[in-house]
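Biologist: Let us go through this model one question at a time. Please give the cut-off with each term.

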Amino acid sequence: MLPVRPLLVLLLTTATCVFAQGVREHTRPGETSDPARLRSRLGDNTKAAGAAVSDTQASDVTLTLNAVSVRPIQTWVRTAGRIDKARTVLTASVPFPEASFVKIGQRARAFSPESKSSMFQAWVTKVTSKVTSKEGGINVEVTLSSTGHPDSLNYVIEIVTVRGEFLSIPNEAIIEEGNRRIVYVPRQGGQYVPVEIHTGIQGELYTAVESGLMEGDQVVSFGSFFVDSEYKLKFGAQSTPGNDQPHH
Amino acid sequence: MSHRRFLVKLAIVMATALAGTATLAQQDVKIADPTSVVMIVNRDSNDLAFMDIKTNKIIGRVFLGNNVNPHMVMMSPDGRYVVTGGTRANKAYIVDVRTLKLVKVINVDIAPEHLAFSPDSRWYYQGNPEGDSISVIDMQSLTKIKTIPGFAEPLNVTFTADGSKAYIGNYGAHWIGVVDVRRHELLKKIQIKEVPGVAILDPDKYLGEVHGINIAMFGPDGRYLYAADGDLGFVGVIDSREDKVVKTIKVGKDPWRIYMSHDGKYGITPNNGDQTISIIDLKANRVAATLEAGENMTGVNFAAGKAFVISSTSGFVYVYDMNSLRPAGRIRIGLNIQLETATTDTQDQKIYLADSTENAVVIIDAKTQKFEKITENVGLFPWGTHIMDSKDNYCH
C-alpha cells in the first residue's frame with residue numbers, strides 16, 4: 001500500500017513550487033525597463049551583448065532575417081508617355097540621373113491611367129539625348145507588345161533597369177540615423193547588435209552594401225525597429241555604432 | 001616602383017578571378033529574359049517546365065519533389081522568381097528564374113492552390129483552400145511571415161494597383177475578404193448580395209457544397225471590382241475606395257468567375273449551371289449578351305478581338321467575336337480529352353492551353369483559329385500555363 005496522503009501533499013507542494021517559480025521569474029527584483037538600472041544590474045560586459053529578443057517577441061513582430069548576398073539590383077525608372085496614332089509606341093522623357101540607367105532593349109511595363117489594371121509588356125526601342133532642354137535627360141521610345149487601349153493617350157511607364165549585381169540587403173533592414181546607416185545582426189543566444197554599414201545604390205527592394213557586412217551575414221529586416229528600440233532602451237545612453245552622438 | 005608592380009599584379013589576379021566568376025555565372029544562367037518563356041505546371045510529374053516562346057521547345061525543368069502536385073505557377077513582376085504551391089505537399093516552392101534552381105521550400109497551410117504577387121514583387125500570397133487561410137511570404141527573405149486565418153476555401157487573390165489591399169475570393173462562402181497588405185490582416189468581408197433564407201431554398205444546393213466567390217477582379221479603371229457568386233448567379237460590382245457593393249448584375253446559373261477583356265470593355269462569366277456565357281458591358285454594368293457555350297468551362301482567354309472559352313471535358317474551345325458579341329465557331333482540340341487552363345501571349349496572338357490527358361500544350365493561333373499540339377517533353381498532366389505580364393494568367 002502506498003501512503004496516499006503524504007504523496008498527495010508532496011505532489012501539491014511540488015506543483016506549488018513550480019507555479020511559484022514561474023511567478024518569481026516574472027516579478028523578480030531588477031526585472032526593469034529602466035535602462036540605467038538595467039545597465040547597473042547587468043554590468044559593463046553587457047555592452048557587447050546587444051538587444052535580447054525572446055522567441056515570443058520574435059514571433060509577435062515576425063522577426064525576419066535576411067542573408068547578405070550578391071543579387072541583381074533593379075531600379076524601376078518611372079515616367080509618363082504619350083502613345084502614337086498606331087497605338088504601339090510611347091514617347092516619354094526621363095531626366096537625369098535616371099536617364100543614365102535607361103538603355104535600348106530594357107524591359108518595361110506600361111498602363112494607362114484609365115486602365116490601371118491592364119498592364120502592357122513593353123520594350124525600350126529608342127533613346128535620344130535631349131540637347132535642347134536645360135535640365136538635360138533623354139527622350140525614350142517604348143514599344144508595347146500589343147496594341148494599346150483605344151481611348152487612352154497617356155501611359156505610366158516603368159522601365160526595369162538592372163544596375164548590376166551587388167552585395168546587398170533588403171531596403172527595409174536599414175535604419176537611417178542622420179548620415180549613418182545601421183543594421184542589426186544576430187549574435188548567439190538571441191542577441192542582436194547594431195552594425196554601421198556604408199551603402200551604395202538603392203534599388204526597388206535591395207540596397208548595395210559597400211562595407212560593414214560580409215556575404216553570408218544575416219541582418220534583421222522585419223522587426224528591425226523593434227530590435228532597435230529594445231537596444232536603445234537598454235543601451236540608450238551608451239556609445240553604440242549607430243548611436244554614439246552625444247545626447248543633450 | 002616594386003609597390004606599384006605589386007599593385008598591378010594584384011589587379012591582374014583580381015580581374016582574372018572576377019572574369020572567372022563572371023563566366024561561371026553566365027554558364028549558370030538558363031533564362032536571361034523572363035518574358036521569353038511559357039511556364040507549365042505539371043501536376044503528375046511534379047515539376048515546372050519552361051518552354052521557349054520562339055521555338056516551342058522545352059528549355060528547362062524544375063523538379064519539385066515526389067507527391068507535390070503543383071497547382072498554379074506565377075512569375076514575380078520583377079522577373080526574379082517563379083513560385084507554385086504544392087497542393088499535396090502543403091508547401092510553397094520558390095524557383096530562381098535565371099538559374100532555374102529551387103531556392104526555397106516553405107511550409108504553408110493545407111492544400112495550397114492559387115496565389116498572387118503584390119505589384120512590387122514584395123509579397124507572395126498563397127491561398128490554402130483546405131486550411132481556410134492565406135500564407136504571406138516575404139520575397140526579400142523568402143520566408144513565411146504570417147498566416148492569415150478566417151477565410152472559407154480561399155481561391156484567388158487580387159492586389160490593388162498600389163499594393164495596399166488584397167481581395168480574396170472565398171469559394172466556400174459568399175463573401176470577399178479585404179486584406180490590409182501593410183499589416184496582413186483581414187479587414188473586412190464583403191458579401192455581394194444577401195443569401196436567401198435556407199427555408200425557401202433547395203437545401204441540397206445551399207447546405208451542401210457551396211459555390212461561392214472564386215475571384216474579385218478589377219475592371220479597367222482599377223477602382224471597381226467584379227465578383228461572381230456561383231450559388232447566387234450574380235456578379236457584384238464593388239467600389240474599392242469604400243469597399244462597398246454598388247451594383248449587382250444577374251448572370252447565368254453557377255457562374256465560375258469573371259474574366260476581363262483586354263480592351264476593358266467587357267467581362268465574361270462562364271456559367272456552368274446552364275452552359276452559357278454572360279458578357280457584361282463594363283461601362284453600363286449590365287449584361288450585353290448571353291450566349292450558348294459548353295460544359296465544365298474552366299477559363300476564358302482574349303486574343304485577336306475574340307474570346308476563347310475552354311470547355312474542359314468536351315474537348316472544345318468555344319470562340320466569340322468580341323466586336324459583334326456573337327459566336328465565332330468552336331475549335332475541337334480532341335476527343336475524350338481534358339482541357340485545363342490557358343495563358344495568352346503579350347502580343348494577344350497566341351493562346352497556350354494545357355491539355356492534361358494528352359500531356360500536351362496546345363498553341364492556338366487566335367487569328368486563324370488553327371492549333372498545334374506540343375507533346376515533346378512537356379511533362380505529365382499539365383495543369384496550367386503562365387507567361388510573364390500576360391493579361392490572361394489564371395488557374396482553376
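Biologist: Which residues does B:Gly219 touch, not counting residues up to four places away in sequence?

Modeller: This is a predicted model, in which local features need pLDDT of at least 70 and side-chain atom pairs count only at pLDDT 80 or more, while totals for chains, interfaces and linings use all residues. Residues are numbered from 1 along each chain as its sequence is written, and chains are lettered from A and ligands numbered from 1 in the order in which they are written. Two residues are in contact if their C-beta atoms, placed from the backbone, lie within 7 Å. On that basis B:Gly219 touches A:Ser117, B:Tyr224, B:Tyr226, B:Met260 and B:Leu282.

Biologist: Is B:Gly219 buried or exposed?

Modeller: B:Gly219 sits in the loop between β16 (213–218) and β17 (224–229) of chain B; strands are DSSP runs of E of at least two residues, helices runs of H or I of at least four, numbered from the N terminus. A residue is buried if 20 or more other C-beta atoms lie within 10 Å of its own, exposed if 12 or fewer, and partly exposed in between, with C-beta atoms placed from the backbone. B:Gly219 has 24 other C-beta atoms within 10 Å, so B:Gly219 is buried.

Biologist: How many residues does each chain bring to the contact, and which strand gives the largest share of the side of chain A that touches chain B?

Modeller: The contact takes 24 residues from chain A and 25 residues from chain B. On the side of chain A, β2 (65–67), β5 (107–112) and β6 (115–129) each supply at least two residues. The largest share, six residues, comes from β6(A).

Biologist: Why can chain B be called as compact as a globular protein of its length?

Modeller: Chain B has two helices and 32 strands. The globule rule is 2.2 Å times the number of residues to the power 0.38, and the radius of gyration is taken over C-alpha atoms. For 396 residues the rule gives 21 Å, and chain B is as compact as a globular protein of that length because its radius of gyration is close to that, at 23 Å.

Biologist: What does B:Ala227 contact, leaving aside its neighbours within four places in sequence?

Modeller: A nonpolar core is a set of buried Ala, Val, Leu, Ile, Met, Phe, Trp, Tyr and Cys residues joined through C-beta atoms within 7 Å. B:Ala227 is among the residues that touch the most other members of the largest such core, which has 114 residues. Its contacts are B:Gly169, B:Ile176, B:Ile192, B:Ile213, B:Ile215, B:Ala216, B:Val235, B:Gly236 and B:Ile238.

Biologist: Which residues of α4(A) are buried?

Modeller: Helix α4 (residues 224–235) of chain A has twelve residues and reaches 16 Å from its first C-alpha to its last, close to the 16 Å expected, where the expected span is 1.5 Å times one less than the number of residues. Cover for its buried residues includes β1 (51–52), β9 (175–177), β10 (180–187), β11 (191–202) and β13 (218–220) of chain A. Those buried residues are A:Ser224, A:Phe226, A:Val227, A:Asp228, A:Tyr231 and A:Phe235.

Biologist: Where in chain A is the pLDDT below 50?

Modeller: pLDDT is the predictor's confidence in each residue, from 0 to 100, and chain A averages 77. Where pLDDT is low, the predicted coordinates should not be read in detail. The stretches below 50 include residues 1–48 and residues 242–248.
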